[in-house]
Amino acid sequence: MSFIVRLNSGARTLKAEAGEPLVQVLRNARLRIPSACGGRGRCGLCRVRIAQDLGPLNELEAKKITPDERACGCHLSCQVKVDRDLDVALPENLVGSRDYRVRVTAVTRVTHDIARVRVELLEPTAIEFKAGQFMEFETPLRQADGAIACRTYSLASAPLESPCAEFMVRKVPGGLVSGWIFDQVKPGDELKLAGPFGEFHLNPGERDLIFIAGGSGMAPFASILKEMQHRKDPRRVRYFFGAKSVRDLFYLDELAAFGKALPDFTFIPALSEPLPEDNWTGETGLITDVVARHFDDCAHADAYLCGSPGMIDACIKVLTDRGLSPQNIFFDKFT
Ligand SMILES: Cc1cc2nc3c(=O)[nH]c(=O)nc-3n(C[C@H](O)[C@H](O)[C@H](O)COP(=O)(O)OP(=O)(O)OC[C@H]3O[C@@H](n4cnc5c(N)ncnc54)[C@H](O)[C@@H]3O)c2cc1C
Ligand code: FES
């Protein structure tokens, strides 16, 4: 048995088999719906709006979709199994995204678990994006559920570096795609990417900037800082970076160069578990504590956060406790 999926008021019509996950129907039609969790309902990136009332959200959807979004018919397309004809509205911000064929030019391990991956675009040969956005990697790997494994990685390069692009990938213990990129992808390999996706980017303004990241959360800030340098952005930046010990720090030469090129940039690394041999004299403790020690009042700033959901939630609390309005806090959770 099959059903009809009408997209954006009938602009396009797709056929779906009964029980097929909606995200799969969209992907089979080469429509780019980003996924960082392989359809497991954890990243929340695959949101669409559905005109029909499908009943209550499932448990995973309820964690990601706000009551306001629910009222607009929002669902996670990976959680919707097609069981009737559907009218689906795709987010407008997907309009500029497309498929890219790229060749890997370098894979450089910069810590024990983070690699910088540089690629050149083969087809098309240019990409436009906002510093802070991410791409989706489509891999030849299959997940346990048989689906092609796709994951998202933030661009660490600046738009002006096109036709080259760079990513920073942390090898997650037991991680299917990050492990494959870290251990097996090599220069000369061709990969399929899609994008750009995401709303995380530097907004214009004159307020001071607080950047907070951990691990591979460095990537979007590398892109944003390059873009700031290119645009001669005069804003004051305090960049807090959380790591366990010295072996988890990387990109330090580039950050030192930003310190010289930008008018008022300070990088503040903080180690939560420094080793005796690190001889560390810098900040120690959780990144939240370090941020709290630096500011009594953050009301004057815009804050940009990137990293694990736990780190981001904890930082939002510290910042709002110090007077920063939630509307001045922007973040990308690496779920
Ligand atoms: C918007 C966005 C941007 C992202 N950008 C980057 C980036 O620039 N660099 C980067 O390295 N990653 C980034 N990620 C995370 C990335 O998309 C993958 O989720 C990550 O690489 C894990 O995929 P995997 O296939 O290796 O692990 P999986 O095989 O999917 O998971 C294996 C195990 O690891 C756990 N796990 C999954 N992800 C994480 C995690 N991030 N930390 C700890 N445990 C985890 C899972 O619960 C599971 O138990 C981003 C995610 C999002 C949503
Ligand atoms: S792909 Fe649906 S929530 Fe991640």
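Predicted model: local features only at pLDDT ≥ 70, side-chain atom pairs only at ≥ 80, totals over all residues.
**Helix H5.** Begin by selecting residues 218-231, which form helix H5. The helix comprises 14 residues and reaches 20 Å from its first C-alpha to its last, close to the 20 Å expected at 1.5 Å a residue. Colouring by accessibility shows a mostly covered element, with 11 of the 14 residues of H5 buried. Among them are Phe221, Ile224 and Leu225, together with the charged residues Lys226 and Glu227.

**Phe258 in helix H6.** Next, select residues 252-261, helix H6, and highlight Phe258 within this helix. Phe258 has a relative accessibility of 4% and therefore counts as buried. Display its contacts, leaving aside neighbours within four places in sequence: Phe258 touches Ala222, Leu225, Lys226, Gln229, Tyr251 and Phe265. For a distance check, pick Phe129: its C-alpha lies 21 Å from that of Phe258, and the two are 129 residues apart in sequence.

**Helices H7 and H8.** Finally, select residues 287-294 (H7) and 309-321 (H8). Their axes are 9 Å apart and form an angle of about 20 degrees. Angles under 35 degrees count as roughly parallel, and H7 and H8 are therefore roughly parallel to each other. The crossing of H7 past H8 is right-handed. To view the contact, show Ile287, Thr288, Val291 and Ala292 of H7 against Met311, Ala314, Cys315, Val318 and Leu319 of H8. By class, this contact has 8 nonpolar residues, 1 polar residue and no charged residues.

Definitions and conventions: Residues numbered from 1 in each chain as written. Chains lettered and ligands numbered in written order. Heavy atoms only, no water. Axes fitted to C-alpha atoms, helices over the stretch in contact; angles between N-to-C directions. Helix = DSSP H or I, 4+ residues; strand = E, 2+ residues; numbered from the N terminus. Parallel < 35°, antiparallel > 145°, perpendicular 65-115°, else oblique. Left-handed = near helix turned anticlockwise from the far one by under 90°. Contact = heavy atoms within 4.5 Å. Expected span 1.5 Å × (residues − 1). Buried < 20%, exposed > 50% of the residue type's maximum accessible area, 1.4 Å probe, protein only.
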